[in-house]
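Here are my notes on the structure for you to read beside the sequence. Please keep the 3D view open and find each residue as it comes up.

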Amino acid sequence: MARGITETDVHTAADELVAAGERPTVDRIRAHLGTGSPNTVTRHLDTWWQGLGRRLHTQQVRLAVPDAPDAVATLAGQWWALALDSAKTSLQASLAADQRVLEEERAALHRERERLEAEASALRAQTEAAGQAELIATTQLTELQRLVRRLEGQLEELTQQRDAATAREVEARGAKRALEARLQALQDTAQSERASLAAHVQALENRAHAEVDRARQEVKELQGRLTAVTKNQAASEASLRQALDEARTATAEASRSASSERARADALEKQLSKLQDLPAALEAAMRRRQLPLKPRKSVSKRANRGAEKQP
């Protein structure tokens, strides 16, 4: 920042410029002093010009020669008038130039002030926009924080659901393994009962065949006896015929028993074939009821009861 200058500094600089043959102007005085505000230099330069006439008159009086001739005094007065006119003209031109410079500087200062005011307005607008943006950012941050908390809650809930689903899956796998083990046991039991039933049916068939063979043998024996004693034992004919009828009845019953056992064997075969669909039915029943399965009556027990009823 330029240091302060006094009126004496400006007047001295103007005198020195005049002594050097230069017209004192604001720029020249500032350059000569190396400092000074244009307004201050202009104000002090005006007082210098205002006192110039008085100082020149004082200097003229100081340099006047006593008892000078009238012609010399007249010429000196004319020269003094010319000097005053020239000084006045130079002063007016200098003042006009200084005023132009001052007006230009004032215009520049006005433009600079307008620019600074525009920048200040822009800065105020930017400050208001920044405040609004900060408010919006704060609101968005609060909303994002609330969203993050909600997402964390959803994540925790999903984690619990996943753990529960994993536990249910493990439980379902255990139930499936139990059902598979039970199905395998039922299949093994059915296979065993099927083999036992087949053996029982085979024994019944063999028994029926033995009964038929025995009946046939008895028939043959009875026929031989009948032929042998026909002539001598007419009375025993009825008894022989009755024995023959009984044998035929036994044969028919044995055949019917064998047919019944075959029908029961076929029914058991159908039941065994239906057992192939038991795993899917058990799993569907478990899903619907979520209750433990009740063991069904053993096929072998029913078969054994049927065998016990068979004569």
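1. A residue is called buried when its relative accessible area is under 20%, exposed when that area is over 50%, and partly exposed in between. Please also keep in mind that this is a predicted model, and that the values below are computed from it.

2. The secondary structure of the protein chain consists of eight helices and zero strands, and reading along the sequence gives the pattern α-α-α-α-α-α-α-α. Of the 311 residues in the chain, 19% count as buried. The protein chain exposes about 23,200 Å², and carbon and sulfur atoms supply 55% of that area. When contacts between residues at least 6 apart in sequence are considered, 72% of them join residues at least 24 apart.

3. Which residues touch the most other members of the largest nonpolar core? This core has 13 residues, and the ones that touch the most other members are Val-10, Ala-14, Ile-29, Val-41, Leu-45, Trp-48 and Trp-49. The elements that contribute two or more residues to this core are α1 (7-19), α2 (26-33) and α3.

4. Thr-42 lies in helix α3, which covers residues 38-50, and Thr-42 counts as buried because its relative accessibility is 12%. Apart from neighbours within four places in sequence, Thr-42 is in contact with Val-26 and Leu-102. Thr-25, by contrast in its setting, is placed in the loop between α1 and α2, yet Thr-25 also counts as buried, since its relative accessibility is 11%. Not counting residues up to four places away in sequence, Thr-25 touches Leu-45, Ser-94 and Asp-98.

5. The charged side chains come next, and the structure holds six salt bridges. One of them joins Asp-163 to Arg-162, with the closest N and O atoms 3.6 Å apart; this pair still qualifies because the cut-off for a salt bridge is 4 Å. Asp-163 is partly exposed, as its relative accessible area is 42%, while Arg-162 is exposed, with a relative accessible area of 54%. Elsewhere, salt bridges that share partners join Glu-112, Arg-115 and Glu-119 into one network.

6. How is that network put together along the helix? Glu-112 forms a salt bridge with Arg-115, where the closest N and O atoms are 2.2 Å apart, and the side chains of Glu-119 and Arg-115 meet in a salt bridge of 2.3 Å, N to O. Glu-112 and Arg-115 both lie in helix α5, three residues apart, which is about one turn of the helix. Glu-119 and Arg-115 are separated by about one helical turn because they are four residues apart in helix α5. As for accessibility, Glu-112 is partly exposed at 32%, Arg-115 is partly exposed with a relative accessible area of 38%, and Glu-119 is partly exposed at 36%.

7. A last point concerns the surface, where Leu-144, Leu-147 and Leu-151 make a nonpolar patch of about 250 Å². Leu-151 is placed in helix α5, which covers residues 70-229.

How values were computed
Residues are numbered from 1 along each chain as its sequence is written. This is a predicted model: local features need pLDDT of at least 70, side-chain atom pairs count only at pLDDT 80 or more; totals for chains, interfaces and linings use all residues. Side-chain values use heavy atoms; hydrogens and water are left out. Patches are made of residues with over 30% relative accessible area and no salt bridge: like charges are joined within 9 Å, nonpolar side chains (Val, Leu, Ile, Met, Phe, Trp, Tyr) within 5 Å. Accessible areas come from the Shrake-Rupley method with a 1.4 Å probe; for residues, only the protein chains shown count as cover. Buried means under 20% relative accessible area, exposed over 50%, partly exposed in between (1.4 Å probe, protein chains only). Contact means heavy atoms within 4.5 Å. A nonpolar core is a set of buried Ala, Val, Leu, Ile, Met, Phe, Trp, Tyr and Cys residues joined through side-chain atoms within 4.5 Å.
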